[in-house]
Amino acid sequence: MADTAQQSSDSEEQQQHSPDSEEQRQQPSVTGIDLNVQGVETPTPDQETTANPDSDQAGAQETPFRPLTRIERRNLWLKEYAEQDFALQMWVRIVEQQDLEIEMMFQMKGLLVFGVMVNTARYAQFYIDLNEELHRERDPDTADALREYYTALIPPADQPEIGPEGLPVVYRYAHMRDVTIMSAGHKVKVPYWRGQINQIDAFVIGATPGE
């Protein structure tokens, strides 16, 4: 019986010091296997946003349109009005409202523009008639489009003096007929002319191009 106990004790000591049993203890169990594959990173929210650049553009495009507020319109009016000549605004208003014709010279960025200032309706009617002759028979759609465009330029007869900004209406364009444009001694004559008022540097009433 003593020999049997001794053999059992020796067997247990061999199992404790056996290399195979040591490796088995060091091996992870099946339930402890790491399922995350090495080299594959889970994208963070920042990386997901970067990986889809169209998402930001789509968000920007979805910004709803809104009309300008009254305060914004007033600020734009004040900026635009500050860039214009009050005296020239007065003359353009008189020509538009009373259908007057005044000989005028404009100085614009080195150009001299001579002509007879007229209201928008006379300028628009000239081009409406011209386009009717040029396009009505061959291309009536073009004639209709041009008529609609030039008609839209004419201020309404009942236009109020106070605009949507709660301030006086600003005229943005001047119109002239029988125009001579002079630059560095060269002359160009055109039947009608339309120019931005805030681009006019100076004006002279009654001036003519001469001979």
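Biologist: How many bridges join S3 to S4, and in which sense do they run?

Modeller: General idea first. Strands of a sheet pair through backbone hydrogen bonds, either parallel or antiparallel. Two strands count as paired if DSSP finds at least two bridges between them. Here, 10 bridges join S3 to S4, and the two run antiparallel. Within that pair, Ser183 stands opposite His186 in S4.

Biologist: What should I know about the model before going on?

Modeller: This is a predicted model, in which local features need pLDDT of at least 70 and side-chain atom pairs count only at pLDDT 80 or more, while totals for chains, interfaces and linings use all residues. Residues are numbered from 1 along each chain as its sequence is written, and side-chain values use heavy atoms, with hydrogens and water left out.

Biologist: How many helices and strands does the protein chain have?

Modeller: Helices (H or I, at least four residues) and strands (E, at least two) are DSSP runs, numbered from the N terminus. The protein chain has 8 helices and 5 strands. Along the sequence, the pattern reads α-α-α-α-α-α-β-β-α-α-β-β-β.

Biologist: In what order do the 5 strands stand in the sheet?

Modeller: The order is S4-S3-S2-S1-S5, in an open sheet with antiparallel pairing. S4 (186-196) and S5 (202-205) stand at the edges. Each has a single partner strand, so one side of each is left without a neighbour in the sheet. The twist averages 25 degrees from one strand to the next. For such angles, axes are lines fitted to C-alpha atoms (for helices, over the stretch in contact), and angles run from 0 to 180 degrees between N-to-C directions.

Biologist: Over how many bridges do S1 and S2 pair?

Modeller: S1 and S2 pair over 7 bridges, in the antiparallel sense. Find Phe106: Val113 in S2 stands opposite. The two strands form a hairpin with 2 residues between them. In that turn, Lys109 has a positive phi of about 50 degrees. On to the next pair: S2 is joined to S3 by 6 bridges, again antiparallel. There, Val118 stands opposite His175 in S3.

Biologist: How many of the residues of S2 are buried?

Modeller: Buried means under 20% relative accessible area, exposed means over 50%, and partly exposed lies in between (1.4 Å probe, protein chains only). In S2, 6 of its 8 residues are buried, so the strand is mostly covered. Across the protein chain, buried residues make up 22% of the 211 residues.

Biologist: Which residues have the most contacts inside the largest nonpolar core?

Modeller: In soluble globular proteins, nonpolar side chains tend to be buried together. A nonpolar core is a set of buried Ala, Val, Leu, Ile, Met, Phe, Trp, Tyr and Cys residues joined through side-chain atoms within 4.5 Å. The largest one here has 16 residues. Those with the most contacts inside it are Val92, Phe106, Val113, Met117, Met176 and Trp193. H6 (86-98), S1 (102-108), S2 (111-118) and S3 (173-183) give two or more residues each. S1 gives the most, with 4 residues. A second, separate core has 7 residues, including Val118, Tyr123, Tyr127 and Ile128.

Biologist: With which residues is Val92 in contact, leaving aside its neighbours within four places in sequence?

Modeller: Contact means heavy atoms within 4.5 Å. By that rule, Val92 is in contact with Met117, Tyr171, Tyr173, Ala174 and Ile197.

Biologist: Is Thr120 buried or exposed?

Modeller: Thr120 is buried, with a relative accessible area of 5%. Its place is in helix H7 (residues 120-135). The side chains of Thr120 and His175 are joined by a polar contact of 3.5 Å. A polar contact is a pair of N or O atoms within 3.5 Å; within protein, one must be able to donate a hydrogen and the other to accept it, and residues adjacent in sequence count only if both atoms are side-chain atoms.

Biologist: What is the count of salt bridges?

Modeller: Side chains of opposite charge can pair when their charged atoms come close. A salt bridge is a side-chain nitrogen of Lys or Arg within 4 Å of a carboxyl oxygen of Asp or Glu. The count comes to 8 salt bridges. Take Asp99 and Arg122: their closest N and O atoms are 2.9 Å apart. Asp99 is in the loop between H6 and S1, and Arg122 is in helix H7, 23 residues apart. Asp99 is partly exposed at 36%, and Arg122 is partly exposed at 37%.

Biologist: Which residues are linked in a network of salt bridges?

Modeller: Asp99, Glu101, Arg122, Arg177 and Asp178. Elsewhere, Glu132 and Arg136 meet in a salt bridge of 2.7 Å, N to O.
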